[in-house]
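Please walk through this structure with me, one piece at a time. Keep the sequence and the model in view.

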Amino acid sequence: MPFWGLQKQLGVDVDSFLLRQSMPQPHGQAAACHAFEREWVECGHGLGQTRARRECQLEYEDFMECMKRTKLTQRLRTILEQRDRMIKQGKYKPPEHHMGKEEPRP
């Protein structure tokens, strides 16, 4: 325990990212990635750091994907690039409401 509570004095909480899923949530509901975090922690509990990295790699990757959505954004980027290529080639024409042209409203 530090002598001065520097984080408290400055109003900064550096540890909140690591504990974000386990903290009490509003309305008493579990956080979105709580299940993945729990699996990762349960897998690594009691193992050494080196062994846990090797044996719990899948659980850690699932947890990080839930938190950061890197695979999802890469997949979406690929889909959008393919759509743009098809538009350029003339094989696909997006609907009017996707082009910013709305129907007139009464």
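Start just after H5, where Arg-69 takes a positive phi of about 60 degrees. That is a positive value in a residue other than glycine. Arg-69 sits in the loop between H5 and H6.

A word on the basis. This is a predicted model, in which local features need pLDDT of at least 70 and side-chain atom pairs count only at pLDDT 80 or more, while totals for chains, interfaces and linings use all residues. Residues are numbered from 1 along each chain as its sequence is written, and side-chain values use heavy atoms, with hydrogens and water left out.

Now the overall plan. The protein has six helices and zero strands. Its elements run α-α-α-α-α-α from the N terminus on. Helices (H or I, at least four residues) and strands (E, at least two) are DSSP runs, numbered from the N terminus. Of the 106 residues in the protein, 11% are buried. Take the contacts between residues at least 6 apart in sequence: 29% of them join residues at least 24 apart. Contact means heavy atoms within 4.5 Å.

Go back to H5, residues 57-68. Its 12 residues should span 16 Å at 1.5 Å a residue, and its end C-alpha atoms are 16 Å apart, so the two agree. The expected span is 1.5 Å times one less than the number of residues. Phe-63, Met-64, Glu-65, Cys-66 and Met-67 are buried in H5.

Look at Glu-65 in helix H5. Glu-65 counts as buried because its relative accessible area is 17%. Leaving aside neighbours within four places in sequence, Glu-65 is in contact with Thr-70, Lys-71 and Leu-72. The C-alpha atoms of Glu-65 and Cys-33 are separated by 9.3 Å, though the two residues are 32 apart along the chain.

Next, the partner helix. Two packed helices are described by the angle between their axes and the distance between the axes. The axes of H3 (residues 34-44) and H5 come within 8 Å and cross at roughly 155 degrees. H3 and H5 are therefore roughly antiparallel to each other (an angle over 145 degrees). Which residues meet? Phe-36, Glu-37, Glu-39, Trp-40 and Cys-43 in H3 meet Glu-59, Tyr-60, Asp-62, Phe-63 and Cys-66 in H5. The contact residues divide into six nonpolar, no polar and four charged. Ala, Val, Leu, Ile, Met, Phe, Trp, Tyr, Cys and Pro count as nonpolar, Asp, Glu, Lys and Arg as charged, and the others, Gly among them, as polar.

Finish with H6, residues 70-89. Its 20 residues reach 29 Å from first C-alpha to last, close to the 28 Å expected at 1.5 Å a residue. Gly-90 follows H6, with a positive phi near 85 degrees.

Conventions
Axes fitted to C-alpha atoms, helices over the stretch in contact; angles between N-to-C directions. Parallel < 35°, antiparallel > 145°, perpendicular 65-115°, else oblique. Buried < 20%, exposed > 50% of the residue type's maximum accessible area, 1.4 Å probe, protein only.
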